[in-house]
Amino acid sequence: MEFVTQHAEVLLAWVAGLSLLMLIGTVVVMPWALSRLPVDYFNAESRRSWRDMTPYPLLSLLLVILKNLIGLLLLAVGIVLLFTPGQGAVTILVGLMLMNFPGKYRFERKLALTPGILRAINWLRQRAGSEPMEAPR
């Protein structure tokens with residue numbers, strides 16, 4: 001606790017910079033990522049596994065580990081941003097969407113059925129010039 005007290009200004013500057021970086025990242029990356037999802041993303045019977053994307057199993061494993069580590073980092077940063085100025089909730093959601101965990105597809109579908117979420121996703125897709133997503137069935 002003494003460290004935090006002595007270095008409060010530096011820590012606050014880092015948190016503010018990280019918050020600004022996450023805000024810019026959210027504004028730029030979120031529409032880009034959402035515009036590249038297929039229109040039936042929430043209605044597909046199954047998803048293509050990362051293991052199937054390359055004939056190199058070691059590369060696939062490394063990509064999955066990297067993706068999950070980035071997701072975990074974003075989840076942790078999002079939790080911090082909930083208590084500081086920034087896009088905490090959005091950062092948490094992006095982190096969760098990157099990570100692999102049981103029930104993730106059901107979670108995504110339920111989230112998309114939340115009033116206003118699919119409308120917001122389609123608004124971002126429209127701004128990026130993509131077709132609107134189909135509602136989950």
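In which helix does Arg119 lie? Arg119 belongs to helix α6, which covers residues 117–127. Helices here are DSSP runs of H or I with at least four residues, strands are runs of E with at least two, and both are numbered from the N terminus.

The model is predicted: local features need pLDDT of at least 70, side-chain atom pairs count only at pLDDT 80 or more, and totals for chains, interfaces and linings use all residues. Residues are numbered from 1 along each chain as its sequence is written, and side-chain values use heavy atoms, with hydrogens and water left out.

The protein has 6 helices and 0 strands. Read from the N terminus, the order of its elements is α-α-α-α-α-α. The C-alpha trace spans about 55 × 40 × 25 Å along its principal axes. Of the 137 residues in the protein, 28% are buried. A residue is called buried under 20% relative accessible area, exposed over 50%, and partly exposed in between, using a 1.4 Å probe and protein chains only.

The protein carries 13 positive and 8 negative charges, and their mean positions are 6 Å apart. Lys and Arg are counted as positive, Asp and Glu as negative, while His and the chain ends are not counted. Each charge is placed at NZ of Lys, CZ of Arg, CG of Asp or CD of Glu.

Contacts, meaning heavy atoms within 4.5 Å, also link parts of the chain that are separated in sequence. Among those between residues at least 6 apart, 60% join residues at least 24 apart.

Helix α4 spans residues 88–98 and includes Ile92. Ile92 counts as buried because its relative accessibility is 15%. Setting aside residues up to four places away in sequence, Ile92 touches Leu74, Leu75, Gly78, Ile79 and Leu82. Glu108 is 16 residues from Ile92 in sequence, and their C-alpha atoms are 13 Å apart.

Leu111 is part of helix α5, residues 104–113. Its relative accessible area is 24%, so Leu111 is partly exposed. Beyond its neighbours within four places in sequence, Leu111 is in contact with Leu93 and Ile117. Leu111 and Val80 are 31 residues apart in sequence, with 22 Å between their C-alpha atoms.

Met133 is 14 residues from Arg119 in sequence, and the C-alpha to C-alpha distance is 9.1 Å.

Ser130 sits in the segment after α6. Not counting residues up to four places away in sequence, Ser130 touches Ser35 and Arg125. The side chain of Ser130 also reaches the backbone oxygen of Ser35 at 3.1 Å.

The structure holds 1 aromatic pair. Tyr41 and Phe42 form this pair, which is edge-to-face, with 5.2 Å from centre to centre and 80° between the planes. Rings of Phe, Tyr and Trp (its six-membered ring) pair if their centres lie within 6.5 Å; planes under 30 degrees apart count as stacked, over 60 as edge-to-face and the rest as tilted. Tyr41 has a relative accessibility of 17% and therefore counts as buried. Phe42 is at 6%, so Phe42 counts as buried.

Key. A polar contact is a pair of N or O atoms within 3.5 Å; within protein, one must be able to donate a hydrogen and the other to accept it, and residues adjacent in sequence count only if both atoms are side-chain atoms.
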